[in-house]
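Hello,

Here is the structure for your files.

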Amino acid sequence: MMTAVLTPVNLTLLLVAVGCLFGGIRCKGFSLGIVCVLFVAIWAGVLLRPLTVSNEVYGEQLIAAMQTFSALGTSVFVAVTGLCAGLSFAHGSRGGGIAFLVGCLMSCAGYTVIHIIDILDPSISCSVQGGILCGALTSTPGLSSICERPGMIASQAVRGYGCTYLGGVLSAVFAVRLCRTQKTEVREAAQAECADGKRLRAAPCVTVIGVCALFGNLLGSLILPGTGVMLGATGGILGTAMLLGCGLSKGKYVPEPSVLRIGKNLGLALFFTGTGVSAGLQIHALQPITVLYGLLVTWTALAVGFFCTGRFFGRFHLHRGCVIAGGMTSSPALGTLLQKCADPPLFQFSAAYFGALLSLTVLLYFL
């Protein structure tokens, strides 16, 4: 009866509803917002594990469905993020070069910790090291790159990734929460993003988002010539959406902001549900020492991000948060910032994201 009631679709809708309900509760002005869906989904995965063990067919169907929802949510959210970044870039956003550099430095800091761990604990295989690094920096494209390399054991890389990904996500989310946004800063960011918006008409946003997700997934599945590396779905969608956003901003059509906001929340809700349930089902396989190594990588990268953004951006906390979220390639962290400000400087997130992705892809070949 439970498997008949808790179908993947029903479970997803229930978790989104419960997560949004509890996320709206404020305590001394603080609320988790839509990020609460992630915590509710993790707890649901822990509770559902005995049911999936006793009913293997239901467990396989649930895992497959959650992976689909997670991929769909990521595609929608990243497509909307890329469109907004392209529009903001066309309106003259600055600081992209610095954000790119900070993203590179954060990945290099994480790799340095992994190299030290390799010296101190040589029992960890190269495949597990790569999984720990990608999980701690929440980089799915990096994991795909490791799994496709000759000589790497994909199952070990996935295990290291699974043990450290959750800690990386939660650390990044709470880190950007520390970036307190000032009211004047929010107002200036919103004005910068919406410049000349009154003279532009709305475009069919759902079609635009679908086109970005489709062609971005195709681009992300292609191997870059001479490198043997793929951008991954997230990188491909983000690049495609940014280009399309820049093109739309120069014409007479732009996406409707209200529809984009709905797309962001919908994508985040699906991503949090799929990722959280999968993490809860596999939480029993966590290895304490691997989790500790992952947290060391994550916290070192975040410390470098806080230091560098503090030097370059000073009191502009919203900019710091976007760069740190991009350097961690963390969509959940960006979603947390979107709860603070509807129009953050997304171009800096995109620049830091590409810097982190590029540097991490190169560093993985030195493992």
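**Helix packing and cysteines**

Gly110, Tyr111, Ile114 and Asp118 of helix H5 meet Gln129, Ile132 and Leu133 of helix H6. Contact here means heavy atoms within 4.5 Å. The residues of this H5–H6 contact split into four nonpolar, two polar and one charged. Nonpolar covers Ala, Val, Leu, Ile, Met, Phe, Trp, Tyr, Cys and Pro; charged covers Asp, Glu, Lys and Arg; the others, Gly among them, are polar.

Some ground rules. This is a predicted model: local features need pLDDT of at least 70, side-chain atom pairs count only at pLDDT 80 or more, and totals for chains, interfaces and linings use all residues. Residues are numbered from 1 along each chain as its sequence is written, and side-chain values use heavy atoms, with hydrogens and water left out. Helices are DSSP runs (H or I, at least four residues), numbered from the N terminus.

Back to the first pair. H5 spans residues 96–120 and H6 spans residues 126–136. Their axes come within 10 Å and cross at roughly 150 degrees. That makes H5 roughly antiparallel to H6 (over 145 degrees). Axes are lines fitted to C-alpha atoms over the stretch in contact, and angles run from 0 to 180 degrees between N-to-C directions. The crossing of H5 and H6 is right-handed (the near helix is turned clockwise from the far one by less than a right angle).

Thr12, Leu15 and Val16 of H2 make the contact with Ala269, Leu270, Thr273 and Val277 of H12. This set divides into five nonpolar, two polar and no charged.

Leu270 in H12 deserves a look. Its relative accessibility is 14%, so Leu270 counts as buried (under 20% relative accessible area; exposed is over 50%, partly exposed in between; 1.4 Å probe, protein chains only). Leu270 touches Thr12, Phe69, Ser70, Leu72 and Gly73, leaving aside residues up to four places away in sequence. Leu270 and Thr68 are 202 residues apart in sequence, yet 9.3 Å apart C-alpha to C-alpha.

How many disulfides are there? The count is zero, with a disulfide taken as two cysteine sulfur atoms within 2.5 Å. For Cys36, the closest cysteine sulfur is in Cys20, 8.5 Å away and too far for a bond. Cys36 is buried at 8%. For Cys108, the closest is in Cys104 at 6.6 Å, again too far. Cys108 is partly exposed at 32%.

Best wishes

How values were computed:
Helices (H or I, at least four residues) and strands (E, at least two) are DSSP runs, numbered from the N terminus. Angles under 35 degrees count as roughly parallel, over 145 as roughly antiparallel, 65 to 115 as roughly perpendicular and the rest as oblique.
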